[in-house]
Every structure is written in structure tokens, then in C-alpha cells.
Amino acid sequence: MFKTFDDLVEQQLAGAQLEREDALAVLAATDDQVLDLVAAAARLRRAHFGDRVKVNYLVNLKSGLCPEDCTYCSQRLGSNAEILTYSWLSPDKVVEQATAGIQGGASRVCLVASGRGPGSRDIDRVATVVDELKSAHPGVEVCACLGLLKEGQADRLSAAGVDAYNHNLNTSEDRYADICSTHTYSDRVDTVELAKRGGLSPCSGLIVGMGESDDELVDAVFALRDLDSDSIPINFLMPFDGTPFADTWLLDPRRCLRILALARFACPATEIRLAGGREMHLRSLQPLALHVANSLFLGDYLTSEGQAAKADLDMIADAGFRVLGTQPDTDDVRVPLALRHRGAGTDHAPNA
Ligand code: SF4
């Protein structure tokens, strides 16, 4: 039976699971249906998150020189991209950078380090940073994004005060080998599961615009649903010079809105975050995207500049939303944090 987008909203509000044919219909929305699609997804967004936007801030603890070969990443093995490379920022510098983001309205700081995964000393380093950060800003949530985890490391991060762990699936299982040869899709799934078992709120998302088909996109979104991720960052491929995806421009603003709507319909109560590449791909439609997503990264990303933080805050206000945690009032009680596992973050050095 033919379903309208409003039928889908009613179905999702009643707790149904989005079916594949409906997911594909969302991606196939014609240009003249896009506003209706956004309005429908906005009903789900408002039902679960009210008028609040969660603001996140990235601090790049360690940049570049990664031995992995993720095709989309400017920090990959052999990348010629012109980025800053450095090894482990001092805790003071991390707190200084994070403070700027918190003062701009961020309620979560995402600590990101390039590399395959942390060693034992790296976990100690992050623990020291988190201790200093939480002493300076007791209410802040901290998400770590350090790569593939080994048994026991999530527990150590959790004990150190880390609230969430980010590790993106990035794309569908079928496409994974096309974008990386140094680790597998199941390695990534395993890390998200380890994070969950260690008491960290799982954050896992996507990079779209890498040539994936609609079916593959639906596979990836359904996999994130099955993984029960608390937050889903959606990165839009930034085709860095010096990487194999240089000059790959497969997205337009309406396609980005359809993808965000797919994530919202599939995971209505999950934090959906506008992540790397939103400015270059959503362009003038970014404010519309806030009616679907309920979270964004403030300002700059890892190895590239986002729009100025003030422009983000103005955009949020102009679209009729408020930053979560900045204006306490009774409305806050109807804004669930969606942190079912405790405490939630971008791909390990995402497309950023
Ligand atoms: S995404 Fe992470 S693991 Fe992959 S190349 Fe970039 S920094 Fe390395």
C-alpha cells in the first residue's frame, strides 16, 4: 500500500521499525517532495528532541601520520593532503581548546586521535586529559575517538570519566573493502560492541558521498540501528586533495536532506549529528537540516575549517532552535539525551 511521509511519521511514533521499501522511498523523494519530507522528519525530531540542538566540539589530540589507509581520510597512509601533523597535544592545550568550544555552547567535547588504535600509554594520556578537563568543566560530556579498541580499554576509559566512544561504521558492510584495506567492517563493529560492554555510550555514524548506492546506504543505516548507537554523526565526504577521493563530488543539498531524513525515520529517537562536510554539501540548506538532525559540531573539524562558530550559533537561533544546556528551563525535561548506555561523539578521525 502507498504510504505518505506523514503515514511513516505516525508509524514511527507508534514504535514501528522502518522497512526497507519505505527507506528506499525516502531516498527516492523527488525534488518537489523534499520540503514535505523535511517537514515529516521534523515531526519526529520535535517529538524526541524538542527545539534543542546539541552542540559538540572536536579537539584533535594527535593529527596525521596514520598507518591505516581509509580512502576518505586526509590523515591516511600515503596521504599528500596538506594538514597539520603532530603527536599528542599537552593536557593544558586540550583544556584551552575545549574551553573555547564549551564557551561557545558545546555540551560535549570529542577527543580524537589518529592511528589504528590506542596503546596502554595512550589510554593513560587520555585519562589525564579527561581528569583535567572535567576538573575545569565538571558538567561536560567527553567522547573519545581513538580507533580500534582492545579488550579492557573501554573499561579503563570509562573508569577515567569518559562518557562515550565514537567509532563510525562509515559505509555498508558490502562496500567496506572498497574504502579501506587495513582493517575490516567487523573490526569496526567489534569496537562499538567493546565500547558498549565497557559502559561507554556508543556513537557510530557514516560518511556519505563515496559512491554508495541507495541499497548500500539503507544497509548502513539499518546496521547502525541494529548496533543501537546512541548518536549517529553523518559526515558528507570532503574530497581532500592528496587522497583517492579528490574531486569526488556526488552529493547535492537535497540528497543530503534525504539521507538525514532516512536516518531520522530509521532511528527516530537517536541523536543525529551534522558532521564533517555539512557546509560544502548542504550549503544554503543547512538550516533546513536542523529540522531533521538535532546535533552538530561547532566550528572547525579535525583537519579542515568549518564555518565560524558564531555563524553556527546564529543559524541555530535564526531557525528557531536553542542550544541544549545553555538556557535551563522546564522544557529541558522533555529533551531526552538518548544516552541509554550512559554518558555518547565523529569517525575516528572522520572525514574531517
Ligand atoms: S580514519 Fe582514522 S584509522 Fe583511518 S586513516 Fe584516518 S586517522 Fe587513520
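**Ground rules.** I used residue numbers that start from 1 along each chain as its sequence is written. Because this is a predicted model, I took local features only at pLDDT of at least 70 and side-chain atom pairs only at pLDDT 80 or more, while totals for chains, interfaces and linings use all residues.

**Overall.** I looked up the secondary structure and found 13 helices and 10 strands in the chain. Helices (H or I, at least four residues) and strands (E, at least two) are DSSP runs, numbered from the N terminus. I then looked up burial: of the 352 residues in the chain, 52% are buried. A residue is buried if 20 or more other C-beta atoms lie within 10 Å of its own, exposed if 12 or fewer, and partly exposed in between, with C-beta atoms placed from the backbone.

**Strand S1.** I checked S1 (residues 52–62) and found 11 of its 11 residues buried, so the strand is largely enclosed by the rest of the structure. I next listed its pairings (two strands pair if DSSP finds at least two bridges between them). S1 pairs with S2 (residues 108–113) in the parallel sense over 6 bridges, and Lys62 has Ala113 as its bridge partner in S2. S9 (residues 295–297) runs parallel to S1 and is joined to it by 3 bridges; here Asn56 has Phe297 as its partner. With S10 (residues 322–323), S1 pairs in the parallel sense over 2 bridges, and Arg52 is partnered by Arg322.

Together with helix H4 (residues 91–103), the two strands make a right-handed β-α-β unit. Right-handed here means that, with the strands pointing away from the viewer, the path from the first strand over the helix to the second runs clockwise.

**Val95.** I picked this residue in H4. Val95 is buried, with 20 other C-beta atoms within 10 Å. Its C-alpha atom is 7.2 Å from that of Glu132, a residue 37 places away along the chain. Setting aside neighbours within four places in sequence, I found Val95 in contact with Glu132, Leu133 and Ala136 (contact: C-beta atoms, placed from the backbone, within 7 Å).

**Helix H2.** Axes are lines fitted to C-alpha atoms, for helices over the stretch in contact, and angles run from 0 to 180 degrees between N-to-C directions.

The axes of H2 and H10 (residues 253–266) come within 8 Å and cross at roughly 155 degrees. The two helices are therefore roughly antiparallel (angles over 145 degrees; under 35 is roughly parallel, 65 to 115 roughly perpendicular and the rest oblique). Their crossing is right-handed. The contact involves Ala23, Val26 and Leu27 of H2, and residues of H10 including Arg258, Ala261 and Phe265. A crossing is left-handed if the near helix is turned anticlockwise from the far one by less than a right angle, and right-handed if clockwise.

The axes of H2 and H9 (residues 214–227) come within 10 Å and cross at roughly 120 degrees. That makes H2 oblique to H9. On the H2 side I noted Arg20, Ala23, Leu24 and Leu27; on the H9 side, Asp214, Leu217 and Val218.

**Helix H3.** Last, I checked H3 (residues 34–49) against H10: the axes come within 10 Å and cross at roughly 35 degrees. I recorded this crossing as left-handed. Among the contact residues are Leu37 and Ala41 of H3 and Leu257 and Ala261 of H10.

How values were computed. Two residues are in contact if their C-beta atoms, placed from the backbone, lie within 7 Å.
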